[in-house]
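Please read this briefing alongside the sequence and the coordinates.

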Amino acid sequence: MNWLLPEGASLPFEGLEQPLLIERGLGGGSQGQVFAVQLGGERLALKWYFPACIARDPQLRERLQQSIRLGAPNRDFLWPLALLDPAPGSLGRFPAAAVGFGYLMGLRPEAFVGAHRHAGGDLAISLQCVLKACFHLAEAFHQLHLKGLCYKDVSLGNLFLEPSSGGILICDNDNVDVDGQSSGSVLGTPGFMAPEVLLGQAKPSARSDLFSLAVLLFRLLTRHDPFRGQRELEIRCLDEPARRRLYGEEALFIFDPSDPRNRPDAIEHSAALITWPIYPASLQRLFEQSFGPGLRQSEQRTLTGQWKQAISLCLDQRQLCSHCGQETFPAAGAPSTCWSCGTPLPAPLRLEMPHGLVSAAAGNELQPHHFDPLVGESIREPLARLVAHPSDPTLLGLQNLSTSRWSGRTTTGQSIELDPGKTCNLAALQQLNSSAGAILVQRP
Amino acid sequence: MPFPNVRLSNRPLHFIYLCDCSGSMAAQGKMQALNQAIRQSLPGMAEVARENPEARVLVRAVRFADQAAWHLAEPTPVQQLQWRDLEAGGITAMGDALNLVADALQSPPMEERALPPVLVLISDGQPTDDFDAGLANLMRRPWAQKAVRLAIAMGHDADLEVLQQFIGPEPSGRGKSPRRPLQASNATTLAQYIQWASTAVVGAASMPASRVAAADAGTAANSPANIPLPDLPPTLLDPSDDVGPLVW
């Protein structure tokens, strides 16, 4: 790689009291390059633009300044922190090809890997963590849109995942703009762009973000593409005109409930056929909505709040198959079988809170919104987690993740106390009074 | 339990180098520079391939001198590719090279479904055989018409006209464009262009990248070409580059 800024150099920037140490180049794209930098001992990332990129996007500087002023919607964004210009009189120390500006942002921790690796089947990640990542994604766009902003270029390429936790980071936030102010030139990424944007009928907006978000969620959950079915097989050379037909002019959801003409092929598109049945109908319906009526009518697209609700319910229903151990997500009250091995799934033991019902499976969590409907769905700070006993995995317990002591009662009427960090055995538990509210054990 | 062991189905992306190995390539270390540039570009190309779940990037190479021959005949996954040095000597059978590639782009052996192939022609001189017949033969193949065709001129003796014919119609306007022959007058620029072709262009042909509105010159979504090409890398100013009038 030919780096725009010399690795190892300390360069002066306007507004910084000390020079910035350019540690090393991290990567490059079509807009510019990203460097690991140090500022007074703090490690950060610097994106530096190609002059050509600055030239064709005259509002770039203004947009970045606006984003910096408004601040990040939440901590899942690698948001611009400060705009950097070379210090006055120091241009001679910058390579001629690098004249321009850039911005500082947080450095992406190494545990976060590109979401394309998940799509490519090259990442070990649990279904629960994929669902958590999807929840965080919906939440991030919820917060972004609530601020009156839109992202414009939602795609796999701008998302990073932490496979062990389902945490996400959204990068390349330099197209973010006030919704409806169509400054800037980015249109999005084909395959993720809303049909009206792909076909040149509309500018990117919060409404088109909702379509792209649905595509990204589908691709994370299924490792497949929502529009690649029979119609893709008819395409010999997958080039731009072909993509316009597939994702625009002739777009048809592969699982459209009323039009089966674009169903996945058993061999070419097996990923979709294996993964789609994993998810409950309540979640599938949201995709049918966004990719059915929502394809042409942007107001019909699933909203970020609806995604959050459906995904958090799905996480609550998570149950492990007693035969194969696979994660399943059966809806409460309906008989169902494991999507992986076909074994019937017995009704599980459940925990009942004032506003939520969580199946008892190791790894499932009780969240504040299960107790208080006013707080809105969030999975960032669980109050309790279901855990297996460290030496006897058949014993399932509930761990108190709060900072206060809970009291409870066993099936035999005995009182127990549960200190923060401690776990009580569910087999004997009848009820717990947590700091947030009551937890009742519902036996099938 | 892990996510089911499935992945997005992918399509092959054939990347073919057509390398001039005529005697003049032996001068001024040009042959070595080309070998080095290709070898150095491979890790970046493998990285792009890894990041593109929709593509299987397969590399081949043709050498042409007194005649054309496959230097790397087997479509090789870029991750497994070990570049063997090309050697210079002979004349410039460029038309013959196009015939070889034309045969390779017939179906079969071409797969029925694929991504647009990428053809990169590198030359430092004039064809000595029937270039026109070779080009006509190549362009009869639908896969060649769909291909992204790039050309790199090494040094100042390359025949820019034939390279432009290989690429297609010359774009309007002036200045550097990926739809014009890329002029590499030194080893650094050559390496930058080879790196660009094997990473940015492979990326554009295999996985769609962010699009920008048509206000920008040449690369936009409304481009008539079947693959919008990424910006050229910023290169050191070359004295032979057409920079426009110096004084007006």
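Predicted model: local features only at pLDDT ≥ 70, side-chain atom pairs only at ≥ 80, totals over all residues.

In chain A, the secondary structure comes to 12 helices and 26 strands, and buried residues make up 46% of its 444 residues.

**Overall build of chain A**
- The C-alpha trace of chain A spans about 80 × 55 × 35 Å along its principal axes.
- Chain A has a radius of gyration of 25 Å, which agrees with the value near 22 Å that a compact globule of 444 residues would have.
- Of the contacts in chain A with a separation of 6 or more, 56% are accounted for by residues 24 or more positions apart.

**Helix 8 of chain A**
- Helix 8 of chain A, which runs over residues 240-249, has A:Leu246, A:Tyr247 and A:Gly248 as its buried residues.
- Around the axis these residues cover an arc of only 165°, which puts them on the same side of helix 8 of chain A.
- The partners against which the buried residues of this helix pack are helix 5 (195-198) and helix 7 (230-233) of chain A.

**Helix 3 of chain B**
- In helix 3 of chain B, spanning residues 131-139, the buried residues are B:Phe131, B:Gly134, B:Leu135 and B:Leu138.
- Viewed down the helix axis, these buried residues fall within an arc of 95°, so they line one face of helix 3 of chain B.
- The cover over the buried residues of helix 3 of chain B includes helix 2 (94-104), helix 4 (142-146) and helix 5 (160-167) of chain B.

Methods:
Residues numbered from 1 in each chain as written. Chains lettered and ligands numbered in written order. Helix = DSSP H or I, 4+ residues; strand = E, 2+ residues; numbered from the N terminus. Rg over C-alpha atoms; globule rule 2.2 N^0.38 Å. Buried ≥ 20, exposed ≤ 12 C-beta atoms within 10 Å, placed from the backbone. Contact = placed C-beta atoms within 7 Å. Arc of directions from axis to C-beta.
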